[in-house]
Amino acid sequence: MNEFVLALVILAVLMVILLLGTPVAFALGATAVLFLFLFEGIFALEMVGEMLYASMNKFTLLSIPMFILMGAAIASSRAGADLYEALHRWLYKVPGGLLVSNIGACGLFSALNGSSPATCAGIGKMGIPELRRRGYPEGLTCGAIGAGSTLGILIPPSVTMIIYGVSTELSIGRLFLAGVFPGLLLIFMFSCWAVFMAWRDGALRSMDSGTHYSWAERFSMVPKLLPFFAVIVFIMWALYGGVATPSEAAGVGAVFCVLLVIAIYRVWQPQALWRILRTTTKESVMIMMIIGCAGLFGFMLSQLYVTQAIATSVGALDVNPWVLMGLINVFLLIAGLFLPPVAVIPMTAPILLPIVVEAGFDPIWFGVIMTINLEIGLITPPVGLNLYVLKGIAPDVKLSKILWGSLPFMLLMLLSIVILCFFPWIATGLPDMLMGPM
């Protein structure tokens, strides 16, 4: 069978298994085992256990459960509520300031927990009822929070960046730095759109009026939040100061966040601590299983010569590199519609990276481009996790209204990709400045 036909057959089988409701990890694993058996015979299955183990047997992956533990500890407390309230007190005079507060809170909370759905749930539970009570349009409200929450996989510390770094053997520290300015760019673009909508609709200008906070009230929230940001600063300093590896820095950061949650928010009850550990274990096992099965899936594609055939054919195309990059972006957008980022990256990054580098693009820059593409999938059906989180928070809001509210933010993400194509130093400048050129 021709390799391209085989690739389409494999993709079709994978989609059927996924549409049956099979978890992503098991769908990838089952597809890999099926095609290994059909084309390589029963003895090829001897490699299944070894490949699963080899895909997960990487010391750097230890940082994933540590960052998840850090996020679970923070999410279990009122840190998100305090962050939201602090930003609101500082931005309440800005037209549409409550929307800007929500977007800023999403960006900062993402930096603390690294999870888009967790950020969407944490900020959405506080922000959506308050925004609706003040008369903000429901679509704009849900769209702003849903899109702002996607920054969790871009702003460091990012579990997605760790997976990309492990899959491509690139520096995780450099990838973390590369996500900073693009993340800030998206926060700025989202906030500008919110302010524009507030300015366009004159009624929004007075929605936050009647509220006044003194300087003492504004600064009163700082002592609770400062220790958590100090942990983030410590992790960045440990990584880029050569003091610790990502796994070691993540472990220390996780321990400090748990201790801070206990000390500041009194989350010391055994049930609360058990929920933190249970959430961490559940999410960590899910991600590690996806990584392991994605590695097995990639091994199957390589054994059947699908990967090599695609890479060779694409490399032989006599097209402009930017046309090639456009096609890759379309592919990533489509992949993000059906699979979560933690599944797409280990499956596709090892295949795409040699093609991207051969075309003359920076691999760190491409990691940011890939991440933004996959962020869009988080607010796009049919798998958009953030959409269903928002629907759960506001069940009386129609899903179609949430989708229309998210659409402008999807377009802003696409615009940010275009901007990064014209100005790649937005992603590569900071890591090159602090860590030197690659």
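**Close-up 1. Y305 in the loop between α15 and α16.** In this predicted model, Y305 is found in the loop that lies between helix α15 (270–303) and helix α16 (306–316). The phi angle of Y305 is near 65°, which is a positive value in a residue other than glycine.

**Close-up 2. E169 in the loop between α9 and α10.** E169 is found in the loop between α9 (159–168) and α10 (172–178), and its phi is positive, at about 60°, although E169 is not a glycine. Is E169 buried or exposed? Its relative accessible area is 73%, so E169 is exposed, the cut-off for this class being over 50%.

**Close-up 3. Helix α21, its length and its bend.** Helix α21 comprises the 24 residues 399–422, and at 1.5 Å a residue these should span 34 Å; the C-alpha atoms at its ends are 35 Å apart, which agrees with that expectation. The helix bends by about 30° at L407, and a proline, P408, follows within four residues.

Close-up 4. An α-helix has 3.6 residues a turn, so residues three or four places apart point the same way.

Close-up 5. At 1% relative accessibility T371 counts as buried, because buried means under 20%. When its neighbours within four places in sequence are left aside, T371 is in contact with I153, L154 and M161.

**Close-up 6. A nonpolar surface patch that includes F39.** The residues L34, F37, L38, F39, I42 and F43 form a nonpolar patch on the surface, and together they have about 620 Å² of accessible area. One of these residues, F39, is found in helix α2 (residues 24–40). F39 has a relative accessible area of 38% and is therefore partly exposed, since this value lies between 20% and 50%.

Definitions and conventions. Residues are numbered from 1 along each chain as its sequence is written. This is a predicted model: local features need pLDDT of at least 70, side-chain atom pairs count only at pLDDT 80 or more; totals for chains, interfaces and linings use all residues. Side-chain values use heavy atoms; hydrogens and water are left out. Helices (H or I, at least four residues) and strands (E, at least two) are DSSP runs, numbered from the N terminus. The expected span of a helix is 1.5 Å times one less than its number of residues. The bend at a residue is the angle between axes fitted to the seven residues ending there and the seven starting there. Patches are made of residues with over 30% relative accessible area and no salt bridge: like charges are joined within 9 Å, nonpolar side chains (Val, Leu, Ile, Met, Phe, Trp, Tyr) within 5 Å. Accessible areas come from the Shrake-Rupley method with a 1.4 Å probe; for residues, only the protein chains shown count as cover. A salt bridge is a side-chain nitrogen of Lys or Arg within 4 Å of a carboxyl oxygen of Asp or Glu. Buried means under 20% relative accessible area, exposed over 50%, partly exposed in between (1.4 Å probe, protein chains only). Contact means heavy atoms within 4.5 Å.
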